[in-house]
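Good morning, and thank you for coming. I would like to walk through one structure with you, beginning with a single residue and ending with the packing around it.

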Amino acid sequence: MTEVEARRARAGEDLALAFALAERSPRWAAVVLFYGVHHALLAWALERLPQAPTPQSYAQVQGLLKRAGLPRGVRKAYERLLGLSWQARYDPKAGDKALWTQALEEYARVEAFLLGP
């Protein structure tokens, strides 16, 4: 299995888990949703830049996504999902349902791009 295939598989697993968790634990669903998007977009970028090394930080991921030609709006959705994931893990005052709702809005932007016209 190639790295791209492995990342796509991981993305599918994470996305399925996020939606399964949504009712019981929307906070953790938002975290897992981010990671599903993370792996899906990494697979997309690595498919376009097969010689690129595997990123070792979120900053490197963001640079890779930009070099691969990911549209700015989708990169911003990724960044907002990263922020929501961080907030879900570390901000005890963040509203669970509000986090999940915002995460779904950002996910919709990424999904629309990945599914294409």
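Predicted model: local features only at pLDDT ≥ 70, side-chain atom pairs only at ≥ 80, totals over all residues.

Asp14 belongs to helix α1, which covers residues 3-21. Which residues does Asp14 touch, if those up to four places away in sequence are not counted? They are Val32, Tyr35, Gly36 and His39.

I turn now to a pair of helices. The axes of helix α2, residues 26-48, and helix α4, residues 72-90, come within 8 Å and cross at roughly 145°. This crossing of α2 and α4 is left-handed. On the α2 side, the residues making the contact include Trp28, Leu33, Phe34, Val37 and Leu41; on the α4 side, Val74, Tyr78, Leu81 and Leu82 are among them.

Finally, the core. The largest nonpolar core has 37 residues, and those with the most contacts inside it are Leu33, Val37, Leu41, Leu65, Tyr78 and Trp100. Which helix gives the most to this core? It is α2, with 13 residues. At least two core residues come from each of α1, α2, α3 (58-67), α4 and α5 (96-115).

Setting aside residues up to four places away in sequence, Leu65 touches Leu41, Trp44, Ala45, Leu70, Arg75 and Tyr78.

Note on methods:
Residues numbered from 1 in each chain as written. Heavy atoms only, no water. Axes fitted to C-alpha atoms, helices over the stretch in contact; angles between N-to-C directions. Helix = DSSP H or I, 4+ residues; strand = E, 2+ residues; numbered from the N terminus. Left-handed = near helix turned anticlockwise from the far one by under 90°. Contact = heavy atoms within 4.5 Å. Core = buried A, V, L, I, M, F, W, Y, C linked by side-chain atoms within 4.5 Å. Buried < 20%, exposed > 50% of the residue type's maximum accessible area, 1.4 Å probe, protein only.
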